[in-house]
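User: I'd like to learn how to read interfaces and aromatic pairs in a model. Could you walk me through it?

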Amino acid sequence: MSNGTKTQIRRIEQFRDRWTTFGANTGIKEISERLSPDELRKIEIFEDYKDDEFLKKISPDISIATWNKGAILFEEGSYIDLAFFILRGKLEVYIEKQRQLKAMATPIFDPFRTAFKPPSAAKKDGDEKVAAEPAQTFFQTQINKQLRPGTEVTFLATMDFDLPFGSEKILGPGEFFGETGAQIGWPQPVTVKTVSECVLVQIRVPALRQMKSKSKTIKDRVDKQYRETSLFSQLKNTPLFFGCDDTFLEALRDKVELVSFKPEKVIATEGEPASALYLVRSGFVKLTQKLEDGEIVVSYLSKGMTMGEIELLIEEEKNWLFTASSVEDVELVKISKEDFDKLIQKYEEVETLLWESAFSKIQESGYSKKNLNYSEFINTALLEGFVEGNSILMIDLNVCTRCDDCVRACAQTHGGIPRFVREGEKYNNFLITRACYHCRDPVCLTGCPTGAIRRARVGDVVEISDKLCIGCSVCATKCPYDAITMYDTGEVWPDDALPESNRGNDRRLATKCDLCYSTGHEPACVINCPHGCAIRVGKIEDINELISQSQNG
Amino acid sequence: MVASNACLAAYIANLIFSEVNPGNVWGLTYGSIATILMVGAALYGLRRRTMKISTKLGLGRAQSWVQYHIYGGTIFLLLVFMHSGFSLPSGPLNWLLWILSIWVTLSGIFGIILQKWIPKILASGLSVEIVYERIPELVEEMRANAEEVIKKCAEPLKDFYARNIQPALGTPKTRLIYYVDITGGIQTQLKQFEYLERVLSNEDKQKLQSLESIYKTKLELDAHYTLQKALRVWLYAHVPLSLILLVAVALHLYAVYYY
Amino acid sequence: MNRSEKKRKKGKITPLGLSIKTGYVIPLSRRWMIILGFIGSAAVLAYFYFDSEFQKNDFISAGALSSNHADFEDDCISCHAPGDGVTIDNCSSCHEKTSDLKLGVYSFKTHYLYRSADPVRISKDTLDKYHDREMACGTCHPEHMGRSAAITRVTDEKCIQCHEYDSFNRNHPEFEFIRSSTPDDSGLVMTHIRHTTFVLQKLTQINSIDSLFSVLKKRTGSSEHFFEEGCLYCHNPEPGGKNFMNLNFDRNCGGAGCHLNDKAVEGLPEFNPGKPKVPGVESLQTIKRRGGPGVVWAYVTNPSLIVREDGEVSKNPVFHKDPWILENLKQIRKRIYGGKGLYNLLDARYADLSISQARIDTFYSSAISKLQVYAAELRFRPELNDELTKITGLLRLARRQMQHPGLNRSPDAFGLPDYNKDLTVKERERFLQLTNDLTDAQGPECAKCHLVENASILNAQADQDILIRAEFDHRAHVLDRRCTECHEEIQVSEQTLKMAVANLEEFKLKYPNVFAMDRSATQNIPDLESCRGCHTQEKVSNNCIACHRFHPNKENRSSLSYF
């Protein structure tokens, strides 16, 4: 057998791997071979791309799948790394479990919700314990199997579909969906099921990203879709606007401007007049205040949080109370002061709501210069990525006997090789280990050429597929927390390996903590800590409490 | 605590009724319970070595096992004494058992004390946290850094480095002083740096400062090295002998039931 | 420097910026810990193997054996049966199967004697547990307690595991004879006070009672104890001093010159071999000297005192019993019971006449077995060998007789003289009268001294070992104790004594309760409480084995056999 044929077979296998790793669905009747550039260009969305080489490059991540009638593409709460384009057939989009899961979006869909609820309480709604829910759906049982009862799971829904609760929507040929969730790596808010036999073009994230950067049409399409569907939901989902009338929000939606900042750029400066209301789409914003000669961090903003409402609403505070700067790549929704004022005047009843909301926010977060401890903590949290992590492995060094049982346990559950290094920065009495944080917004996902690193279908787990990883170490370089380790398997890439440049080289793979998702139990490091000092924490409040508890003995 | 008190109470109540010796019902009961406790405590060692399976089977958290290991082990010794009626053993095997039981339990208790005490001083007194296995290579790296710093600088500093710093950066050192003072008497040692600082140029002062921080960190690494070593070494006093104890108990059971 | 200002550096750790580990840190193996453990364990096992194969195998030994068994130190399986512990069989291979005459002190038989007789004193649990099997020796005699351990020193704790008593001073039951207030059947009609006085008069050659008392008082310093010497005149200690010798007509009554041919003190006519047809009392010496089959046997074993209790046959000792009396009794019994079986061998008191012949036969046959055992026990006395041959023959004959009732037997099958044969009618009448008298408690001749009950003369002296489960040694007690300090029921003053000597009838009437005469508590055994005066935790030893023994040695097996 010639080398070329072998490579071809390998290519086909690798191509299949990419598609078979997509979930455990059995609904696919048929999946196409890898498509040639010509074949691709026959499809509407690829018409723009004239470059054969480009299409060849992305073609492993594109396939045409024929789905059976009544098959479920994905369910609410699951992660997908695909966008779908419908060639033939009809699909049904609906929300079944949204209410049961009490995901963050729930209050919006609740038609009976009228009373004002402070943001803090609303925020807690999003963190309901899954296990406490009575109705067990397929999705929930899947989760329950994998997570210890009582584990808090946060479902942040992306708004690919702006769909009222209980209603449904039919999608037909020519429609493009799933791309927002796939791109941002957030769970789907809806379930999609085929009504008839469907032929879908499936595009995986790596291809999607490249397509977006290459073609303005696609970018516009995506942005437009975001504005039309997601933005409205996101606005509605913003604590500040809880309870506001839909007409107001629609009006607001049309006025907004989408802005983005590079890391460490100043968005607003303390003392300067406030000119806009900002809503964070993604990334983190650091809020600092001047104190004596220096400045201290007082708070941070993450997705869904707003700034500027105090300055815009309260007459006495016309200037920014703090300096806001981006910690990383930040995308914001900007509403200018003028637009905001106009809207407020138009919708007077909204003003009261906003007032109350803003007031409680002041009480809640207390933009204060007094609490230096908290400030230091917030600063560290931003530096060390506490704000990002869904599950950070921290070790209480006051108790830890350095027995390394956590590492041993990890190694034993992962075929003899540990998946984290028990070293890292020491914060107070805690060691922040170099175990994957399972970030809310995982930057490691963005550069992966094969999509080997991805969200596991449920939960917040970020996993790396051994089959797909080609050892390019992009994710390892991107991870700010050194949590991804290039592990030398001791093997050599085979002759038919792809990409070809790998052949004959040492087979190094990106590896990291998968929260024992693959083995289906609570993280082994935590279970096997003999002194209970290995702790997984996912919320910044919890970390703060943990540390203050430890300090107070 | 409750259990050990209960055991003692049982024993005292027992003394009122009848004599306790290894041969009678009471002695045998205590002996059996002690054996069960010991095997249970030993199972923790097994669990540590089969973490994959135990985790998968959901055999409980290691912490609970350790709790059992500690309390079970302590009560074990108490029961051993009760088993022998608080008298000295007779016969070589029984002496061996007696000594091993005491040794294993006491070394365990010693370990608990170490495990409670050392992490506290490591966490409170030191600014870095280091994996024990990495200490040699980090020391190596620090020495390389220091050599880099010292390459181009004035003679007094070079001299000072050669005399005072270089020897310290050689290898990880075990210094008993860390048991008493976790800083390893750093304040007095830094005095030398202060004095030298007066005579150096600004550029060299900066170099001295980075040397100083390397030196400080090295001392901390030594502290980690010394104390983490203690945390590891005590196990050698505990685990091998506890294995021997297991075998000796098996032999004891064989001797008792076979003969 | 403000720590919070530190920028996180990728790939670096610690404020110093040391590089991170690029690979994973595999924790150091602790294999050596386990390997060391295994090596140590293997060493222990290897030593064990080596020790058991090539050495003394004392590694797993629970300790040194006591000096008694030290010789077996290297030989585990001489005692330990693998899988079965130390079995009784292994103990008995030395302690039972070897003749128990020399090692008899350890014999299990003696153990059974106490054990089997009395289930009531054992806790129910123990009874349930051991009703069908023997207790392992080690239960009471734990070994491996060191070379100098005294394995025969059984502690009280061992005893009270089965016996529901706390200690001698707590919950110990009262002596049985005190509890049941059984009269102490001395079987003699005599007055201790008068006997003592006469004896003392005889010893001191002082006839006047007044001066006798004053002399004795001077000598002993106490009016209560002055007649102790009188006690000892008749009650002679045994050579060991544990008990007193049984009363003997020759020695104590007739041979001393009082009751044989002495007119002064109601002497009996002595049998005259020259005039054999005239009834009289033969001294035991004469009988022994005359010899003849059955004489020794009767003298030694006295089968009339084989008794049956709770299905067990045992024998009480009485020495003072002569063939003459036996012959008389034989005649009497013959008259009462007819000429059946071993009527002349067995005491009618215990033979339940209403029961079936089969049961009587069973009883007889067990009695014969017992006698055969006794006979066998006499084998070591060469001087009795001839006699024993005859006895053995007799017993065989008796057994055959029982098995074949119709078998003809010779008149002197039992070797006793047939007095009837040569008597004249008058003599026969006299003889019959004499024997008739024996059946009447008020009869003038025998009953003057002997008490008769159910056609049997009662024992002249009851068993001194009245403690059936414990041992009592007089020697240990008489050193600083007067007889009457313990046997204190004879509490009489000088005044009453004088009265008793002068006028016995008046004394009897006046002091019916302290009437120190036979058929009252002549031995005056003190009760348990009086023992506790000295035997307490703080004073004299009060542990179980101070009085009780499971394996009494031959000499001290008072309840077992007498010679």
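**Interfaces and ring pairs**

Analyst: Let's start with chains B and C: 37 residues of chain B are in contact with 42 residues of chain C, contact meaning heavy atoms within 4.5 Å. A word on the ground rules: this is a predicted model, where local features need pLDDT of at least 70, side-chain atom pairs count only at pLDDT 80 or more, and totals for chains, interfaces and linings use all residues. Residues are numbered from 1 along each chain as its sequence is written, chains are lettered from A and ligands numbered from 1 in the order in which they are written, and side-chain values use heavy atoms, with hydrogens and water left out.

User: What area is buried between chain B and chain C?

Analyst: The size of an interface is often given as the accessible area lost when the parts come together. Here that's about 3300 Å², with 70% from carbon and sulfur atoms (accessible area lost with a 1.4 Å probe, summed over both parts).

User: Which residues form the salt bridge there?

Analyst: A salt bridge needs a side-chain nitrogen of Lys or Arg within 4 Å of a carboxyl oxygen of Asp or Glu. Chains B and C have 1: B:Glu137 with C:Lys21, closest N and O atoms 3.6 Å apart. Among the helices (DSSP runs of H or I, at least four residues, numbered from the N terminus) that each supply at least two residues of chain B's side are H2 (25-49) and H10 (202-258). H10(B) gives the most, with 15 residues.

User: Now the rings. How are C:Tyr47 and C:Phe50 arranged?

Analyst: A pair of aromatic rings is described by the distance of the centres and the angle of the planes. Rings of Phe, Tyr and Trp (its six-membered ring) pair if their centres lie within 6.5 Å; planes under 30 degrees apart are stacked, over 60 edge-to-face, the rest tilted. The centres of C:Tyr47 and C:Phe50 are 6.5 Å apart with planes at 45°, so the pair is tilted. Both lie in helix H1 (residues 31-54) of chain C, 3 residues apart, about one turn of the helix.

User: Are A:Trp320 and A:Phe322 buried or exposed?

Analyst: Both are buried (under 20% relative accessible area; exposed is over 50%, partly exposed in between, with a 1.4 Å probe and protein chains only). C:Tyr47, by contrast, is partly exposed at 37%.

Definitions and conventions:
Buried area is the accessible area (1.4 Å probe) that two parts lose on being put together, summed over both.
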